Amino acid sequence: MNRSIDKNTLFEFFDGKTTSIQRKMIEEWLQQPGNGDLYYRYLDEWESRHAQFVPDEAAALERYRSVMADNREVAVVAVAEKIPFWRAWLGRSFFRLAGIAACLLVISFRIWKDDILYRQYENPFGKTTLYTLTDGTKVVLNANSRLRVPRFGFDEDTRRVSLEGEAEFNVAHTPGSSRFVVEMDDGYFIEVLGTKFVALSRDKSKRVYLTEGKVKMVLPEGRQLYMKPGHLFEATENRPGTLSVPEKPQQYVAWKAHQFYFDNTPLSEVVRQMEDRFGIDIRILDPALEGKSLGGIYEAQSPDDLLQVLAELYHVEISQNKNRIELRSGSNL
Amino acid sequence: MYKKAGSEAEIRIERSQDAREVDDELFIRKVFESNPQKGCELLFRRYYTNLCNHAIRFVHSKEAAEDIVGEIFAVFWQKKLYEQIEISYRSYLYKSVRHRSYNYLKMQVERSDSLENAYQASSGEQLPDEVLHYTELHQKVERIIQQLPPQCRRAYLMKRVEGKKYDEIAAEMKVSNKAVEALVSRALARLRQGLQEDWFLLMLAGVLAHIENGSAI
């Protein structure tokens, strides 16, 4: 049954005119190396002869040229789109390649792995953005934060994302009640069904504040904690995770409105928070200032907004030295 | 210039299958070596129209067909796929169009936005049987549409292929908006029914799930 298939037979197949026996022959013919390519060559030729419409090729080519003129980076858009299929192409070859081909592929896959498997949302300093994930979950990402969402399998039984920085999650409930898991560095996980919470994972400190629903915290030691609305989970490198009920939860959600929330907060901590959000380097040069503390809610779109407040409240003298902002006590104190 | 190369290649195919290595694919590959951008452009001009025509067999929408093909080319450039693809570019492009169109169709049929089965053509080998199924799938789609009642088919084609709005179609067909909506959704329901029972979708869904699991490392 190794008879060669000619173009006519294939054309008849494309026309839907072949018998099941002919079909079997084509199938066998396709197993021979090189015939796969030939199949598509004939398909292309057949398409040329059976056109159904004439797309505006000139306009499309113009668009394509501008795509090529853009840099290669694929821009991250504010509202998450459906996972582009093309990103998955390597994933598929993964499945079937063998031997050397597989090795080569594995190498290239390794290099691009993150790019292929995950869509990354990243916010620069001084910017918070609302993203909507494909499952309907809304994420407000704080400044200087990154969220990684898998491109495939995300909508399946477990929705798994990883967070570096701070974000508020409003997790959509799915028909299949699939779990939503936020992975934070250092072995902390948050597991939820459908709920609203703020999570922070910066350096070694972790913080989760739950506003609605119920979540399970999985800690590095394997310990698990169940949180109820109003609960705050906090952990640092030296202090294992603890649950508490904060009296003033505003401070955990203030950043969403470009605000800072301070409650008798030492200036050193104020400065640290500003550095986190705006990516600036601030030094307190006067020990007298270290002891000062600040209270209240302050809106600040840029570091200047808050620095101005400091200058007025504490007679702080602010000067810029290269990339560093220096704070000194004002002359009249 | 590439047109000439194309016609020469065709003559060779007519003469003998053994000359299969020599066709415009080779010429385009050469261009890619020195100037990928030029190569992409050449590839685009050579295949864009044909690929759109192939896609529309599955998706029945000019707009979707053009989007699908446009995106494949964009990715081809952005991810420098031309450096990695070992099969012919033509095969890659057709496979991609088929996979994407299939996903689009499946989404339409399942009335679901979930893309758990989203995947893309690879440089890996497809099973011969699978290669043939794609052709049979668009034939089946065509058959189902052909068998629709005339009014129903007309409304469906105007809506999907020509991308007309409901009130435009209603005016043209001299029926109410609601009636047009009903006709289009009946057509989609038939399509769904015809394809969902089809072993093809089931089989592919299985294969896809398998691939998904295999690659989700």
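This is a predicted model: local features need pLDDT of at least 70, side-chain atom pairs count only at pLDDT 80 or more; totals for chains, interfaces and linings use all residues.
I'll start with chain A as a whole. Chain A contains ten helices and 18 strands. Of its 333 residues, 30% are buried. If we take the contacts in chain A between residues at least 6 apart in sequence, 44% of them join residues at least 24 apart.

Y118(A) belongs to strand 1 of chain A, residues 118-123. Setting aside neighbours within four places in sequence, the contacts of Y118(A) are R148(A), V149(A), P150(A) and R151(A). R151(A) is 33 residues away along the chain, and its C-alpha atom is 5.1 Å from that of Y118(A). Is Y118(A) buried, partly exposed or exposed? There are 18 other C-beta atoms within 10 Å of Y118(A), and burial takes 20 or more, so Y118(A) counts as partly exposed.

Strand 8, residues 196-202, and strand 9, residues 205-212, of chain A are antiparallel and share seven bridges. Within that pair, L200(A) has R207(A) of strand 9 as its bridge partner. Two residues lie between the strands of this hairpin, and D203(A) has a positive phi near 50° there. Strand 9 of chain A also pairs with strand 12, residues 232-235, again antiparallel, through four bridges. R207(A) comes up here as well, standing opposite E234(A) of strand 12. To put the two together, R207(A) is the bridge partner of L200(A) and is also set opposite E234(A).

D186(A) is not a glycine, yet its phi is near 65°. D186(A) sits in the loop between strand 6, residues 179-184, and strand 7, residues 188-192. D186(A) has 13 C-beta neighbours inside 10 Å, so it counts as partly exposed.

Strand 15 runs parallel to strand 18, residues 324-329, and four bridges join them. In this pair, I282(A) is bridged to I325(A) of strand 18.

The last item in chain A is a helix pair. Helix 1, residues 7-15, packs against helix 3, residues 35-49, at an angle of about 65°, and the axes are 10 Å apart. The crossing is right-handed. On the helix 1 side, the residues that meet helix 3 are K7(A), L10(A), F11(A) and F14(A). They meet Y39(A), Y42(A), L43(A) and W46(A). As background, an α-helix has 3.6 residues a turn, so residues three or four places apart point the same way.

That brings me to chain B, and to its own helix 3. This helix covers residues 36-59, which is 24 residues. What separates its end C-alpha atoms from those of a straight helix? They are only 30 Å apart, whereas a straight helix would reach 34 Å at 1.5 Å a residue. Helix 3 of chain B also has a bend of about 50°, located at Y47(B). Most of the helix is covered, with 18 of its 24 residues buried. Just after helix 3, H60(B) has a positive phi of about 50°.

Helix 4 of chain B, residues 62-78, packs against helix 3 at an angle of about 140°, with 8 Å between the axes. This crossing is right-handed.

K80(B) lies in the loop between helix 4 and helix 5, residues 89-110, of chain B. K80(B) is not a glycine, but its phi is positive, about 50°. Why does K80(B) count as exposed? K80(B) has 12 C-beta neighbours inside 10 Å, and a residue with 12 or fewer is exposed.

Definitions and conventions
Residues are numbered from 1 along each chain as its sequence is written. Chains are lettered from A and ligands numbered from 1 in the order in which they are written. Two strands pair if DSSP finds at least two bridges between them. The expected span of a helix is 1.5 Å times one less than its number of residues. The bend at a residue is the angle between axes fitted to the seven residues ending there and the seven starting there. Two residues are in contact if their C-beta atoms, placed from the backbone, lie within 7 Å. Axes are lines fitted to C-alpha atoms, for helices over the stretch in contact, and angles run from 0 to 180 degrees between N-to-C directions. A crossing is left-handed if the near helix is turned anticlockwise from the far one by less than a right angle, and right-handed if clockwise.
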